[in-house]
Amino acid sequence: MTTALRCTTGTIVLTFAILAAGLFALGFGMVGLGVGDVVTSLTGSGDPMHVQIVRELRLPRVATAIIAGGALGIGGVLMQALFRNPMADAWSLGLTAGGQLGVALLVTAAAFSGPSAIAFLRAFEGLSITAGAMAGIGIFALAMAALARRVSTVTLLVVGLMLGFTVQGIVSVVIHFANRVGGRVFSGWNDGNFASVTLADLPMLLVPVLAGVALALFNAKPLTTLLLGETYAKSLGTDVIWLRRLTLAAVVLLVAPVTAYCGPVTFIGLIVPHFARAIAGTARILPLLPLAALAGALLALAADLVVHAPWEQHFLHLNAVLALVGAPVVIALLVFSKSMRGQR
């Protein structure tokens, strides 16, 4: 089977799977709804309570899962191509750690600022958490972009990893000084959640992601040349330094809004590129991007279905569910997959 046929078949199958999973998710929960009830609720002509459940609660969550999963999947492809490392993802640049530090500093500052700050944090939790995460990610992204001008790609990867580990320690210390409310706010965001995004928030999430997708498509061909080494890419006329900056910008546009709104969602960006390469049968970037977007969206939807199953006591944590899937996949890739010995 040719690469084009594999990609076309994979795209069709994944698209139908996402549509089926999305429709199922709109009716799945404590209040179960049939397909007919879901369709009438989407048009606004069904039972008022069902309309509210579907359109105001479940539809934003499903849309967020699809957007976030797709963005993280594409971001993972870009990171693994840029660093020529099949274990790279957005965590490798310290971007996620920057968001965690921003939110940790915000909730701790609120604890020291008195009751009025705590009241503001409670009243505008989504807005304030998003702003704190975006500020932290933005600062770290600027720092990594400046460093990208001075060091090699491998050094940039190592620095990003070490920076992430350092920030994890700092976050633990900072949260120690937060009060109980701030600790709960940080913990809820840090566990990952697609349900915190409203219909009004979706454009703010979607617009930068679409810009990141456009930049990823623009960089696809030169990134493919980079897979064979910087020397080979330069021999074909690729400006490696400029390509590195543009790719980092694309990753920031894809990952930053997802992290800000949904928390540091794990494993999707790490494992989805491997599924995309397995489906496409190639490491070329352009055919991988739509497959990674669709596979990421499907994985995010599936994990969210598990999280919001009608459990008797409480919801599961999104990152816990993704870890149960992602960690065994990574172990299997390390042990059995040839892709872990270098991308071709």
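Colleague: Leaving aside neighbours within four places in sequence, which residues is Arg 58 in contact with?
Modeller: This is a predicted model, where local features need pLDDT of at least 70, side-chain atom pairs count only at pLDDT 80 or more, and totals for chains, interfaces and linings use all residues. Residues are numbered from 1 along each chain as its sequence is written, and side-chain values use heavy atoms, leaving out hydrogens and water. Contact here means heavy atoms within 4.5 Å. With those close neighbours set aside, the partners of Arg 58 are Ala 25, Leu 26, Gly 27, Phe 28, Gly 29, Met 30, Val 31, Leu 33 and Ile 53.

Colleague: How far apart in space are Arg 58 and Leu 26, C-alpha to C-alpha?
Modeller: In sequence, 32 residues separate Arg 58 and Leu 26. In space, their C-alpha to C-alpha distance is 5.6 Å.

Colleague: Is Arg 58 buried or exposed?
Modeller: Buried means under 20% relative accessible area, exposed over 50%, and partly exposed in between, with a 1.4 Å probe and protein chains only. Arg 58 has a relative accessible area of 6%, so the residue is buried.

Colleague: Are the rings of Phe 24 and Phe 28 stacked or tilted?
Modeller: The structure holds two aromatic pairs. Rings of Phe, Tyr and Trp (its six-membered ring) pair if their centres lie within 6.5 Å, with planes under 30 degrees apart counted as stacked, over 60 as edge-to-face and the rest as tilted. The centres of Phe 24 and Phe 28 are 5.1 Å apart and their planes lie at 25 degrees, so this pair is stacked.

Colleague: And what about the rings of Phe 186 and Trp 189, stacked or tilted?
Modeller: Both residues lie in helix α8 (residues 180-190), three residues apart, about one turn of the helix; helices are DSSP runs (H or I, at least four residues), and strands (E, at least two) are too, numbered from the N terminus. Phe 186 is buried at 9% relative accessibility, and Trp 189 is buried at 8%. Their ring centres are 6.2 Å apart and their planes at 45 degrees, so the pair is tilted.

Colleague: Which way do α3 and α11 run relative to each other?
Modeller: Axes are lines fitted to C-alpha atoms, for helices over the stretch in contact, and angles run from 0 to 180 degrees between N-to-C directions. Helix α3 (residues 48-82) and helix α11 (residues 240-262) pack at about 150 degrees, with axes 9 Å apart. Under 35 degrees counts as roughly parallel, over 145 as roughly antiparallel, 65 to 115 as roughly perpendicular and the rest as oblique. Therefore α3 and α11 are roughly antiparallel.
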